[in-house]
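I keep these notes while going through one chain in the viewer. The sequence and the model come first, then what I looked up.

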Amino acid sequence: MTSPATPWGASPPDTFSPDPELQAAVTELGAAVRDLLETSVATTVAPGEQADVAAGVRELTARLAATTRDRHTLSALDDLPTFRRTYSPVSGVGHGFAPPVQFRREGDTVVGECTLGLRHEGPPAHSHGGMTAMLMDQLLGSTAFLAGRWGMTAHLGLEYRGAVPLQTPLVLVGRVADVSGRKTVVTGTVALAAEPDRELVRGEGVFVSPRPELLERYFGDLTTADGGRAPGHAQAATDGSTL
Ligand SMILES: CCCCCCCC/C=C\CCCCCCCC(=O)SCCNC(=O)CCNC(=O)[C@H](O)C(C)(C)COP(=O)(O)OP(=O)(O)OC[C@H]1O[C@@H](n2cnc3c(N)ncnc32)[C@H](O)[C@@H]1OP(=O)(O)O
């Protein structure tokens, strides 16, 4: 049996067209929450003012909680075959914690740019090492994906060679190093956009496309926002239609 590049085949057609009004609203809410998060860890206003704001934020949260999705339901803006993940904590425009990073193919590499904020702080004025690892995981996973090789992280190794400053444009570069069966090995770097050749962080990841039993266990309950079966569902793997 040949191994699948992704659960839905190597080159899925891009026929996904999300509701533009929803896309705009989610992007705007994500940006507003991002500003709120960033400002909430930077503010020095008086305690009474912070308490007032907290009460207001709780009221707004209650409005959003009026209807929600559960963890087995994709957002109406998400499409797995074309890699649209609106609420990724790294690349999601709808996620307030995300920088967010957008990745693109450039020759045989995948490149992303972002600027981290105080909400990503570890050592004062610098990125938390776990935040950098998250950037690296997403960079390497996206690099595999954009090469038609989806997989879950089986191994992630990092060398922290220089501290990553906050509020400073960064450039991320990934490239596929090796491919065999269900396994893809990817390497990547994080550097200052102003000094792209001086690596601050170097990473290597092994991404493995899970065997059908694992796909079923992890994602068997996954549905699209309108209740349909999510593309790439493990069941599809056994009927020969996509793998
Ligand atoms: C309906 C479909 C839904 C899909 C939707 C997703 C779309 C999203 C789109 C895009 C995302 C990309 C961006 C995201 C980036 C972030 C990614 C993450 O954060 S992933 C979360 C963290 N990772 C885990 O939770 C994995 C936990 N581990 C496992 O579940 C298993 O260990 C798994 C799936 C990784 C492998 O299990 P096995 O049973 O399928 O694989 P075996 O048969 O053991 O190995 C296959 C080959 O891989 C090698 N391998 C396995 N683990 C290895 C390791 N740690 N190091 C090196 N090689 C390893 C083996 O040696 C073998 O190689 P040989 O064929 O013999 O050459």
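In what sense do strand 1 and strand 2 pair, and over how many bridges? I found the antiparallel sense, over five bridges. Two strands count as paired if DSSP finds at least two bridges between them. Helices (H or I, at least four residues) and strands (E, at least two) are DSSP runs, numbered from the N terminus.

**Ground rules.** I noted that residues are numbered from 1 along each chain as its sequence is written. This is a predicted model, in which local features need pLDDT of at least 70 and side-chain atom pairs count only at pLDDT 80 or more, while totals for chains, interfaces and linings use all residues.

**Confidence.** I looked up pLDDT, the predictor's confidence in each residue, from 0 to 100. The chain has a mean pLDDT of 91, and 89% of its residues reach 70 or more. Over residues 234-243, however, the pLDDT is below 50, although this stretch has 18 contacts in the model beyond near neighbours in sequence. Two residues are in contact if their C-beta atoms, placed from the backbone, lie within 7 Å. Where pLDDT is low, the predicted coordinates should not be read in detail. For the complex, the predictor gives an ipTM of 0.94 and a pTM of 0.91.

**The whole chain.** I listed five helices and six strands. Along the sequence they follow the pattern α-α-β-β-α-β-β-β-β-α-α. Of the 243 residues, 31% count as buried. A residue is buried if 20 or more other C-beta atoms lie within 10 Å of its own, exposed if 12 or fewer, and partly exposed in between; the C-beta atoms are placed from the backbone. Among contacts between residues at least 6 apart in sequence, 64% join residues at least 24 apart.

I traced six strands in an open sheet with the order 1-2-4-5-6-3, and the pairing is antiparallel. The edge strands are strand 1 (102-106) and strand 3 (152-160), each of which pairs on one side only. From one strand to the next, the twist averages 25°. Angles run from 0 to 180 degrees between N-to-C directions, and axes are lines fitted to C-alpha atoms, for helices over the stretch in contact. Strands of a sheet pair through backbone hydrogen bonds, either parallel or antiparallel.

**Strand by strand.** I checked some partners.
- Gln102 has Glu113, in strand 2, as its bridge partner.
- Strand 2 (residues 109-114) pairs with strand 4 (residues 170-180) in the antiparallel sense over five bridges; here Val110 has Gly174 as its bridge partner.
- Strand 4 also pairs with strand 5 (residues 183-192), antiparallel, over 10 bridges, and Val171 stands opposite Ala191.
- Strand 4 and strand 5 form a hairpin with two residues between them, and Gly181 in the turn has a positive phi of about 55°.

**Helices.** Which strands does helix 3 (residues 129-146) lie across? I found strand 1, strand 2, strand 3, strand 4, strand 5 and strand 6 (195-208), with the helix running at about 130° to strand 5. Helix 2 (residues 47-64) has 18 residues and reaches 26 Å from its first C-alpha to its last, close to the 26 Å expected at 1.5 Å a residue. The expected span is 1.5 Å times one less than the number of residues. Helix 2 is hardly covered, as the count of buried residues in it is zero.

Most residues other than glycine have a negative phi, and most peptide bonds are trans. I noted these cases.
- The peptide bond from Pro99 to Pro100 is cis, with omega near -20°; Pro100 is in the loop between helix 2 and strand 1.
- Ala125 has a positive phi of about 75° and sits in the loop between strand 2 and helix 3. Ala125 is exposed because 12 other C-beta atoms lie within 10 Å.
- Gln167, in the loop between strand 3 and strand 4, has a positive phi of about 55°.

**One more loop residue.** Is Gly228 buried or exposed? I count Gly228 as exposed because it has 10 C-beta neighbours inside 10 Å. Gly228 is in the loop between helix 4 (212-219) and helix 5 (234-238).
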